[in-house]
Amino acid sequence: MKKLLKLMGVFALVVGILTGCSSAPKKDAGDANTNTGKTAANELVVAIGGEPTYLDPAIAGDAVSNYVTKQMYEGLFSVKPDGSLQNELCESFTVSEDGLVYTYTLTDANWSDGQPITAEDFVYGMKRSIAYGSADAYYGSFLTKTVKGGAEASAVVDAAGQVLIEELPELGIKALDDKTLEITLEKPVPYFNQLLVQGATYPIRSDFAEEKVSAWADSKDVPVSGAFMFESRNANEEIVLVKNPNYRNADQVTLEKITFKIMPDGVAQLNAFKAGELDFAMAPSPETAKTYEGKPELFTIDPYVINYFVTVNAGSNAPEALQDANVRKALSMAVDRDELIAIIDAGDTYYPLYGFIPRGMAGVNGDFREEQDAVLKLSDTNVEEAKALMATAGYDETNPLTLTYYYNDSDLHRTVAQVLQEQWKRIGVNVELKTAEVRVFFDDRTNANFELARHANSADYLDPMIYLEMYMRAGQGTTKAVDDQKYEDLIAAANAESDPKVRLEKLHEAENYFVNEMAYIIPLFGYTNPELLRQGITGIETSPDGAVNFRYTKVQ
């Protein structure tokens, strides 16, 4: 969830040059420069859709923070455009026959101050993330849910909120020597390496990175492992990074500076790009897709594995109506996704989503979403059936239901909220709209302090479990929006399955129960963000999880 959003109105993105580590975007911008007023050839100006949190990779769980931290830090792996893993600080690895012990040999690489990156730096980074607590360092939970001793560590941290590393129980994360990292799992996890692309698993220097705090990260003195170093930050305005001369592939990095402009207003991004003030607008207004359709400036990540949905509070603090599966199903059936997408008016960058898992995930014999939709759309429009379900639950014109839909404000989120309000009115449900500052909103959503709320999540790793585990008890806040033992059992059965295809069939069964039978969420659409890239810029690395990297970007 990853999390913050993925998150701040945001969302987040490898074809080798000499080392085989870099890639080009799906669309190349070409040679002509129609967007003039440019900066120097070795600089890049990028607009992002919100202000990042501290630039501590352990807590950078939202997309806009990741846009910056991905330039500054590296882990063992990154994700290629096709979804497979690219070795970064991992030179090679082995896995024991029982699937429990992973041994990684590190690439020869230095921190920006010239000191070697060691296995002990990885151990410190991972344990620090776990000790920070999942409320702040969400991706530390990827380790506690998989690594030997993780469950015990999670219990200790949950009881205290945050602890020091020395207070953690023994964990299966060890440095065998300077270049060898060993991680022992509690049970086999077929996608474990995919979890290691997250910042909470990155190496961190213990002599700079304090425990339980993150303010240290916004400093020119902090050593980094990535292609760029922190230079300066003006709150709500910009963050400036400069080239790391000690980066392992520094001879392939041509950019000397990246300036991230903080611009939450999509229309402002669009206008600034038109005026030649930006090289790359990462969150322009949705109509950009139609305005620039067929033009070389339009840049998209394709495939981009991300969903947008309504999360329904069916927990102990929810209104009585939302604890009724018939009401939840009625709300889902009232949604007309085609109408919603037409009103958003973002061209073909959006598509209707009928389940929890978006397109781009491998299934039993093809795409997980497409193979399910071919059999049954788990959430589809049926207004008359929705009205009947509401009547069965005891709601009609004489006894209308009133609910609140909660969202963090942006052009897109506001449009979606208003369309849903009108569509739910068609089945006799009055919906009030509520907004809050983004951090307040995410805290409320995490702790089920809502009735209906907007949600979106790009894939932290490319397996359907990334979505389905979100609503297990261990993946939610202190108050649960979903607390369903049958669902827990369905997920546990899938996790226990060693046959990959049978496992995926069980995940289909779990999604069917979660969305079709219980309507704990209401899927709306999947999409790729329309972005704008100045012509003459090449070498942006993107991946289906929404990550973006500018280390090998070239400006002409």
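Is Phe525 buried or exposed? Phe525 is buried, with 0% relative accessible area, where buried means under 20%, exposed over 50% and partly exposed in between (1.4 Å probe, protein chains only). Welcome to a predicted model, in which local features need pLDDT of at least 70 and side-chain atom pairs count only at pLDDT 80 or more, while totals for chains, interfaces and linings use all residues. Residues are numbered from 1 along each chain as its sequence is written, and side-chain values use heavy atoms, leaving out hydrogens and water.

**View 1. The whole protein, with its 16 helices and 23 strands.** Helices (H or I, at least four residues) and strands (E, at least two) are DSSP runs, numbered from the N terminus. The radius of gyration is 23 Å, close to the 24 Å from the globule rule for 556 residues, so the protein is as compact as a globular protein of that length. That radius is taken over C-alpha atoms, and the rule is 2.2 Å times the number of residues to the power 0.38. The C-alpha trace spans about 70 × 55 × 45 Å along its principal axes, and buried residues make up 59% of the 556.

**View 2. Tyr304 and Tyr527, an edge-to-face pair.** A search of the whole structure finds 30 aromatic pairs. Rings of Phe, Tyr and Trp (its six-membered ring) pair if their centres lie within 6.5 Å; planes under 30 degrees apart count as stacked, over 60 as edge-to-face and the rest as tilted. Here the rings are 6.4 Å apart centre to centre, with 80° between the planes. Tyr304 sits in the loop between β12 (298-299) and β13 (306-312), and Tyr527 in strand β18 (residues 521-527), 223 residues apart. Both Tyr304 and Tyr527 are buried.

**View 3. Tyr308 and Phe525, a stacked pair.** Their ring centres lie 4.6 Å apart and their planes meet at 25°, so the pair counts as stacked. Because Tyr308 lies in strand β13 and Phe525 in strand β18, the pair ties together parts 217 residues apart in sequence. Tyr308 counts as buried, at 0% relative accessibility.

**View 4. A cluster of rings.** Ring pairs link Phe309, Phe356, Tyr467, Tyr471, Tyr487, Phe514 and Tyr520.

**View 5. Charges over the rings of Tyr351 and Tyr406.** A charge sits over a ring if NZ of Lys or CZ of Arg is within 6 Å of the ring centre and within 35 degrees of the ring normal. Arg359 lies over the face of Tyr351, 3.8 Å from the ring centre. Lys434 lies over the face of Tyr406, at 4.5 Å from the ring centre.
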